Amino acid sequence: MTTQIGKLVEKDKAHLWHHITQHANFKNNDPLIITEGKGMRVWDINGKEYLDALSGGVWSVNVGYGEKRIVDAVSEQIMKMCYFSGTVGTIPSVELAESIVKKMDGLSRVYLSPSGSEANEKAFKMVRQRAALKFDGQKYKILYRDRDYHGTTITALSAGGQEERKMQYGPYTPGFVEFEHCCCYRCPFDKKYGSCSIECAKTVEETILREGPENVGGVIIEPITAGGGIIAPVKEYMPMVREICDKYDVWLIIDEVVCGLGRTGKWFGYQHYGIIPDIVTTAKGLASSYAPLAATITTEEVFNEFVNDPSDLASYFRDISTYGGCAGSAAAGMANIKVIEDDNLVENSRIVGDYFLEQLKEKLGSHKNVGDIRGVGLFAGVELVVDRGTKEAMSEKTLAEIVGHCMKNGVIIGRTNRSLPKLNNTLTFCPALIATKADIDQIVKSTMEGMAAVLGE
Ligand SMILES: Cc1ncc(COP(=O)(O)O)c(C=O)c1O
């Protein structure tokens, strides 16, 4: 057995290129190999158990591991009909499309693809093609927000507000323009909520005017910034951005790749703010990562921009992704939504999420190195600082030590990493929507112990 494990580790070291990982670190350490998962827990190749507070490392296994209802649905579907290109419907893709839009007032069309980056690329292509069809190529610019992330492909990176994810991969796609973030703790306008005029929303209008409204066709934002530090905008923000987009005929694209499907205690993050976007993208939790699945969801108005005289051969949405047609992925999405509904997981995310935030504030709030604690639903962040007065950010290395300590003690928590220059200082938490209060207690306790071990009480 031990030799088998050793051989697998050697093969991993010899051939597998791990994502976003410096392989030189494996000279003295073995890579982690995960072999099993059930509910909130996973086991590694040595049989060590972990409570996973990150839903698969990147916030995506929303219903937890080993969910038989999804496995059975996928297995039945791929036996019966595994694949046909997205140029046609399949029973699960049709059912899934209806099932998704039933959760979203005002949106009605679903375009399937295999990843969040691609779902965003589709949205960008829709903006660009509308510009070509309707505005003589003008209105092609897309605005994005500092600290947000929209994916890993070159154009998705071009729309990314995380400098460290972008650096060394340029030149970027032209036509993407950044505006300021909306994190109150580090307000870019040096204001305080309560006495400010929501400058962070107004900056969207200023940026449109600076670039020329005739040139701007889209604004993309995360409803709650994820990898940029778990940042929920204040309640006034989204309605103001919606109004600005309406005023200048700009499509508002909401990236729900992380926040979709119950993560924040509502089906979609934007639903906390009472707005209707023009386009919503979602991925990770859509099939809880039992299969690769993403969606670009639009209003009928957006869709209709691409319904034109068939004799004009260039006027429909000329996009295709092979794996957007995987019937097993659509079946996984359908079954996943049913599990979330049947087990009331959106409600659980809200209730247990409230408890989580309360516990984090109660148990960690007075620690000398805690600058800010933020979160919505089962999605939370603890920003660590060297000094509460100056707000100097704790180093990425120190956060890695805290995360490593928790890992050693069998709890997987996360941290913002290699995203924002000198601001990778937020511990992140994103447990599956099935989390119980007992799971939360264990996560909070482990974090407290990790912080105490690395930073002192
Ligand atoms: C908000 C957001 N959008 C898009 C993406 C890209 O998704 P994918 O990795 O599936 O391409 C991510 C990935 O983490 C994300 O956090």
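1. In which helix do Asp-246 and Arg-242 both lie, and how many residues apart? They lie in helix α9 (residues 237-247), four residues apart, about one turn of the helix. Helices here are DSSP runs (H or I) of at least four residues, and strands are runs (E) of at least two, numbered from the N terminus. An α-helix has 3.6 residues a turn, so residues three or four places apart point the same way.

2. The model is predicted: local features need pLDDT of at least 70, side-chain atom pairs count only at pLDDT 80 or more, and totals for chains, interfaces and linings use all residues. Residues are numbered from 1 along each chain as its sequence is written, and side-chain values use heavy atoms, with hydrogens and water left out.

3. Asp-246 and Arg-242 form a salt bridge, with the closest N and O atoms 2.8 Å apart. The term denotes a side-chain nitrogen of Lys or Arg within 4 Å of a carboxyl oxygen of Asp or Glu. Arg-242 is buried, at 11% relative accessible area; buried means under 20%, exposed over 50% and partly exposed in between (1.4 Å probe, protein chains only).

4. Another salt bridge joins Asp-372 to Arg-374, again with 2.8 Å between the closest N and O atoms, and both residues are buried. By contrast, Glu-49 and Arg-41, which meet at 3.1 Å (N to O), are partly exposed, Glu-49 at 40% and Arg-41 at 21%.

5. A salt-bridge network links Glu-118, Lys-122, Lys-125 and Asp-319. The whole structure holds 31 salt bridges.
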